[in-house]
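This report describes one structure, moving from a single pair of residues out to the sheet and its surroundings.

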Amino acid sequence: STYNIGYFVGSLATGSINRILSKALIKLAPECLQFTEIPIKDLPLYSYDYDADFPPAGLALKKSIAESDGLLFISPEYNRSIPGALKNAIDWGSRPWGTNSFARKPTGIIGASVGAIGTAVMQSSMRSVLSFLDAPQLNSPEAYINFKPSAFAEDGTVKDESTADFLTHYMCEYAAFVQRVLDANAEGHI
Ligand code: FNR
């Protein structure tokens with residue numbers, strides 16, 4: 001089968017290293033995965049005042065999540081946590097109350113940082129949020145990318161062999177995980 005993967009890039013920066021990482025992951029992913037970005041930059045800041053009359057940007061986000069078989073979060077760590085723009089998008093997708101779009105969606109979390117711990121603390125925060133939202137997460141392998149400009153071209157070509165091997169392995173495991181969760185959902189096991 002082919003799976004539609006909706007991906008979030010947690011950075012709004014034009015020169016984002018996480019956007020470069022997203023391009024690399026798409027290049028290296030198995031052919032059974034097709035990717036659509038779920039944009040976050042034009043969402044207003046969420047408030048429950050919007051719940052009574054959800055705006056088009058919020059509805060579009062929820063529709064994109066609903067149409068995705070799996071979700072992939074590719075994000076930097078800002079001040080040891082989830083970037084505000086990404087957390088805002090997650091808050092939008094979780095509401096109105098009773099319509100949490102993340103429930104039972106298979107998810108993967110990966111991020112690149114210029115620092116040595118490679119977004120580990122952001123990913124830990126994300127796991128708490130996604131657990132609360134009932135989204136199954138790929139637990140292993142973990143992927144903490146210490147971004148070296150020499151390893152990536154702007155278009156996402158990975159120039160370093162061990163990095164390319166690792167990212168290829170990550171996407172294979174992610175694809176298998178998406179398949180397992182969808183199978184389990186279909187059989188009503190979760
Ligand atoms: C950072 N950076 C950073 N790095 C890290 O490893 N841990 C952190 O907590 C932070 N905190 C942080 C806060 C803010 C506001 C900024 C702008 C940056 C550095 C970060 O890894 C670097 O800027 C990356 O380039 C961010 O990824 P994008 O935005 O280029 O994809």
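This is a predicted model: local features need pLDDT of at least 70, side-chain atom pairs count only at pLDDT 80 or more; totals for chains, interfaces and linings use all residues.

In strand 4, Ile-109 is the bridge partner of Phe-73.

Strand 3 is paired with strand 1 (residues 3–9) through 5 bridges, and the two run parallel. Across this pairing, Tyr-7 stands opposite Leu-72. Strand 3 is also joined to strand 4 (residues 107–113), again in parallel, by 4 bridges. Here Leu-72 stands opposite Gly-108.

Between strand 1 and strand 2 the chain passes through helix 1 (residues 17–28), in a right-handed β-α-β crossover. A right-handed β-α-β unit is also made by strand 3, helix 3 (residues 84–93) and strand 4.

The pairings for which bridge counts are given are set out below.

| Strand pair | Bridges | Sense |
|---|---|---|
| Strand 1 and strand 3 | 5 bridges | parallel |
| Strand 3 and strand 4 | 4 bridges | parallel |

In what order do the 5 strands of the open sheet stand? The order is 2-1-3-4-5, with parallel pairing. Strand 2 (33–37) and strand 5 (144–146) are at the edges; each has a single partner strand, so one side of each lacks a neighbour in the sheet. From one strand to the next, the twist averages 25°.

Helix 4 (residues 120–132) lies across strand 3, strand 4 and strand 5, and runs at about 160° to strand 4. Val-129 is one of the residues in helix 4. Is Val-129 buried, exposed or partly exposed? Val-129 has 18 other C-beta atoms within 10 Å, so it counts as partly exposed; a buried residue needs 20 or more. The C-alpha atom of Val-129 is 8.7 Å from that of Ile-90, a residue 39 places away along the chain.

Leu-133 sits in the loop between helix 4 and strand 5. With 17 other C-beta atoms within 10 Å, Leu-133 is also partly exposed. Leaving aside residues up to four places away in sequence, Leu-133 touches Ser-94, Asn-100, Phe-102 and Ala-103. Leu-133 and Glu-37 are 96 residues apart in sequence, and their C-alpha atoms are 20 Å apart in space.

**The ligand shell**

The ligand is surrounded by 13 residues, of which the closest are Ser-11, Ser-16, Asn-18, Pro-76 and Gly-115. Sorted by class, this shell has 6 polar, 5 nonpolar and 2 charged residues.

Key. Residues are numbered from 1 along each chain as its sequence is written. Two strands pair if DSSP finds at least two bridges between them. A crossover is right-handed if, with the strands pointing away from the viewer, the path from the first strand over the helix to the second runs clockwise. A residue is near a molecule or strand if its C-beta atom, placed from the backbone, lies within 6 Å of it. Ala, Val, Leu, Ile, Met, Phe, Trp, Tyr, Cys and Pro count as nonpolar, Asp, Glu, Lys and Arg as charged, and the others, Gly among them, as polar. Axes are lines fitted to C-alpha atoms, for helices over the stretch in contact, and angles run from 0 to 180 degrees between N-to-C directions. Two residues are in contact if their C-beta atoms, placed from the backbone, lie within 7 Å. A residue is buried if 20 or more other C-beta atoms lie within 10 Å of its own, exposed if 12 or fewer, and partly exposed in between; C-beta atoms are placed from the backbone.
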